[in-house]
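Could you take a look at this one with me? My notes are below, in the order I would read them.

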Amino acid sequence: MLTDTILFYIFALLVLGGAVLTITRHSAMHAAISLIVSLLGVAGLYLLQQAEFLFAVQIVLYVGGIMLLFLFVIMLVNLDQAAKERQFNKQWLVALVAVAAVGAQVAYFIHAGLDSFHFAAPLVAGTPAGLGNTEQIADTLFGEYLLPFEIASVLLLVAVVGSVAMAKKRI
Amino acid sequence: MHPITTVHYLALSAALLLIGTVGVLTRRNVVIILMSIELILNAVNINLIAFSHALQNVNGQIFAIFVITDAVAEAAVGLGILIALFRNKETVQADEIDLLKW
């Protein structure tokens with residue numbers, strides 16, 4: 001239990017530190033590397049909560065796939081000029097005030113609902129013993145959520161066609 | 001030390017969401033705005049997994065998979081738009097893209 005607590009704080013530090021660096025660095029490449037640190041921290045949090053399949057998906061898809069896409073675009077688009085210019089827009093003060101207001105609301109709601117987060121003992125009896133996380137996800141994804149799963153494939157097809165159409169010089 | 005509860009994960013997720021929102025609202029570089037959107041989506045996923053773990057119900061993880069699918073589609077299309085934009089306007093600063101501004 002103590003190890004879990006220490007690991008949680010280490011991963012939380014990675015997540016938040018990486019996130020803050022991501023939004024403050026001048027160079028887009030530094031921001032991308034900080035974002036990778038943040039995403040790896042999130043993957044660690046998944047592992048802490050026995051979501052092993054999502055841990056693998058997070059690393060393979062986010063760190064391996066999406067970040068590679070970002071790095072490609074950073075190298076493709078010339079960002080040297082942008083790194084030297086002003087990094088924050090003129091409305092940054094208004095934005096900070098608005099975000100602080102939202103943060104105060106979220107903090108209030110979490111504080112006010114503190115008692116309702118004490119859940120009853122987990123229904124371990126409901127899940128068949130010996131069934132791993134990946135098997136459980138597969139059973140649910142290909143059973144109850146089969147239609148959304150198929151629709152997600154259509155979404156990905158649209159995204160592929162859309163991104164090719166966008167990046168192409170002339171269609 | 002206190003054991004980690006769902007509330008800890010909620011607080012972390014809220015903090016990550018707010019950091020991502022600050023990034024979207026204040027940065028000028030479009031690439032970093034897209035990265036901030038990824039941060040926001042990750043905050044949502046932390047929430048989903050925390051409740052999935054607390055309730056011992058795998059449905060939250062299924063939703064997280066769909067959120068990740070959305071994030072991939074959004075990043076691919078967004079970066080495609082960015083490349084087309086850079087080819088036409090030679091800039092990646094969000095406040096210099098103001099053709100529709102009056």
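1. A word on conventions. This is a predicted model, in which local features need pLDDT of at least 70, side-chain atom pairs count only at pLDDT 80 or more, and totals for chains, interfaces and linings use all residues. Residues are numbered from 1 along each chain as its sequence is written, while chains are lettered from A and ligands numbered from 1 in the order in which they are written.

2. Chain A has seven helices and zero strands; helices (H or I, at least four residues) and strands (E, at least two) are DSSP runs, numbered from the N terminus. Its radius of gyration is 21 Å, well over the 16 Å that the globule rule gives for 171 residues, so chain A is more spread out than a compact globule. That radius is taken over C-alpha atoms, and the rule is 2.2 Å times the number of residues to the power 0.38. The C-alpha trace of chain A spans about 60 × 45 × 30 Å along its principal axes.

3. Of the 171 residues of chain A, 22% are buried (20 or more other C-beta atoms within 10 Å of the residue's own, with C-beta atoms placed from the backbone). In H1(A), the buried residues include A:Phe8, A:Phe11, A:Val15 and A:Ile23. Their cover includes helix H2 (28–48) of chain A, together with H1 and H2 of chain B.

4. Now the partner chain. Contact here means C-beta atoms, placed from the backbone, within 7 Å; 71 residues of chain A and 64 residues of chain B take part. On the chain B side, H3(B) gives the most, with 21 residues. That side divides into 42 nonpolar, 18 polar and four charged residues (nonpolar: Ala, Val, Leu, Ile, Met, Phe, Trp, Tyr, Cys and Pro; charged: Asp, Glu, Lys and Arg; polar: the others, Gly among them).

5. How do H3(A) and H3(B) pack? Helix H3 (residues 52–76) of chain A meets H3(B) at an angle of about 5°, with the axes 10 Å apart. That makes H3(A) roughly parallel to H3(B) (angles under 35 degrees; axes are lines fitted to C-alpha atoms over the stretch in contact, and angles run from 0 to 180 degrees between N-to-C directions). Among the residues making this contact are A:Leu61, A:Gly65 and A:Leu69 of H3(A) and B:Ile68, B:Val72 and B:Leu79 of H3(B). The contact divides into 17 nonpolar, two polar and no charged residues.

Technical notes:
Two residues are in contact if their C-beta atoms, placed from the backbone, lie within 7 Å. Angles under 35 degrees count as roughly parallel, over 145 as roughly antiparallel, 65 to 115 as roughly perpendicular and the rest as oblique. A residue is buried if 20 or more other C-beta atoms lie within 10 Å of its own, exposed if 12 or fewer, and partly exposed in between; C-beta atoms are placed from the backbone.
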